[in-house]
Amino acid sequence: MESGRRGGAAEGAGPAALRRTLTFRDLVVYGLLFIAPMAPVGIFGTLLAASHGAITLVYVVATAAMACTAYSYAQMVRVAPRAGSVYTYARVGLGEGAGFVAGWMAMLDYLLIPAVAYLFSGIALHALVPSVHQWVWTALAVVVTTLLNLWGVRTAAVVGFVVLALELAVLVVFVGAAGYVLVTEGARRGWSEPFTGAGAFSPVAVLAAVSIAVLSFLGFDAIASFAEESAGGPRRVARAVLACLAVAGVLFAVQTYLAALLAPVSAAGLAARPGEQGSAFYVTAEAAVGPWLGQLVAAGKAVGAAFAALAGQAAAGRLLFAMARDRRLPGAMAEVDARRGVPRRALLGAAGVTLVAAVWAARRDDGLEQLSSIVNVGALTAFGLLHASVIGWFRFRARERAGLPGVLRHVVVPVLGLAVVVAVLVAASPTARAVGGCWLAVGLVWLAVQYGRRSRAGGAGTEGGGAAG
């Protein structure tokens with residue numbers, strides 16, 4: 001069975017085969033690294049203000065909403081257990097054109113999310129060593145993590161596991177210290193306020209905050225891009241996707257609940273002073289426990305960001321590899337390093353784009369704002385095509401004749417997930433939508449050029465049939 005899966009994955013690609021070395025733990029580690037267990041730290045104040053204090057409820061609802069997307073990934077990874085993630089699934093479920101669009105939009109996300117993470121590391125390290133400019137630290141973080149990815153997927157996974165363990169250790173210290181303060185001194189807010197909000201409960205405010213909180217989960221889908229490198233096959237990848245989302249949801253809910261109870265500034269106060277929202281979590285840790293805890297949380301966030309970028313860069317490399325193998329990008333990126341078993345050129349290509357974007361942003365005062373405003377549109381568009389792929393494959397291409405269970409799995413859940421994606425896209429900033437639209441337009445032009453070349457060569461029909469199979 002193993003050799004069969006491997007052969008199927010690399011069918012028609014000759015020697016371009018990835019190595020199946022990743023365990024279930026490795027897959028979950030990659031997903032959690034990309035998400036970052038302390039993802040809510042940076043937007044805690046923003047969400048607290050936007051939800052009128054009901055921040056934990058926001059993360060519970062966001063976890064349930066993203067569960068639809070995770071479930072759709074779990075369905076499609078069994079259908080098409082190949083590298084490329086949503087690109088591959090849309091290609092199988094909807095056809096070549098939709099597959100390219102999904103991969104093209106996901107590429108925007110996979111290339112820029114690591115750039116944002118590297119920039120976070122550069123900013124934090126510059127604060128510790130002001131004599132070195134933040135763009136230098138940013139570039140150094142790119143180089144170090146790229147070398148780890150080139151060394152091999154197992155090496156990167158082992159190092160990632162150590163970093164993830166350190167991040168979780170910091171989170172455990174925060175939970176323990178916050179719990180001790182709550183037991184000995186009591187809470188500054190009502191015990192139910194993180195779920196009900198301060199004053200009158202506002203469903204509209206909670207849903208508006210959910211549209212922001214959903215973005216904390218971007219990255220768990222990267223697990224699916226390692227389908228050809230999983231030692232346990234597609235079923236293990238599907239379980240890892242669901243497990244990663246569940247673990248992240250619990251971690252997010254716990255840390256925001258404790259921080260909300262101890263916050264020295266109310267939700268209304270943060271709403272009135274937007275400039276204080278970015279540092280609200282650190283201020284809470286320092287005010288409740290001591291300066292040492294705020295500094296520890298900040299250091300954990302800095303290190304975690306760099307290795308979140310490592311996981312993102314690895315996923316981007318697999319996406320470029322899969323698209324190049326299908327002749328949608330230059331074929332040189334489909335090469336697999338014979339010694340390390342990694343898509344070396346695809347990784348270097350992803351690292352090059354990320355390096356340019358991260359260093360450009362690090363040298364601008366508004367660089368973080370500019371990057372952050374556009375990273376999510378690509379992923380959300382790809383998620384929408386993922387949900388459509390589930391319906392397209394099971395209800396039309398595979399002509400499923402299932403009863404109510406099948407309808408729930410392959411119609412109701414994807415439609416709910418698609419509704420969440422549309423709602424979040426509508427709430428995105430005009431700048432983000434504009435950049436996403438321009439990126440989509442460039443991709444469509446490139447796709448049209450490719451179709452024109454293949455049509456003149458008379459090979460469009462043959463390749464399309466192979467892809468659909």
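Visitor: Which residues form a nonpolar patch on the surface, and about how much accessible area do they have together?

Guide: This is a predicted model, in which local features need pLDDT of at least 70 and side-chain atom pairs count only at pLDDT 80 or more, while totals for chains, interfaces and linings use all residues. Residues are numbered from 1 along each chain as its sequence is written, and side-chain values use heavy atoms, leaving out hydrogens and water.

The patch consists of Val158, Phe161, Val162 and Leu166, which together have about 340 Å² of accessible area (by the Shrake-Rupley method with a 1.4 Å probe). To join such a patch, nonpolar side chains must lie within 5 Å, in residues with over 30% relative accessible area and no salt bridge (a side-chain nitrogen of Lys or Arg within 4 Å of a carboxyl oxygen of Asp or Glu).

Val158 belongs to helix 8, residues 153-185 (helices are DSSP runs of H or I with at least four residues, numbered from the N terminus). Val158 counts as partly exposed because its relative accessibility is 40%, between buried, under 20%, and exposed, over 50%.

Helix 7 itself, residues 134-151, spans 26 Å from its first C-alpha to its last, close to the 26 Å expected for its 18 residues at 1.5 Å a residue (1.5 Å times one less than the number of residues). Its buried residues include Trp137, Val142, Leu148 and Leu150. In the whole protein chain of 469 residues, 54% are buried, and there are 20 helices and zero strands.

Methods: Helix = DSSP H or I, 4+ residues; strand = E, 2+ residues; numbered from the N terminus. Buried < 20%, exposed > 50% of the residue type's maximum accessible area, 1.4 Å probe, protein only. Patch = residues over 30% accessible without salt bridge, like charges linked within 9 Å, V, L, I, M, F, W, Y side chains within 5 Å.
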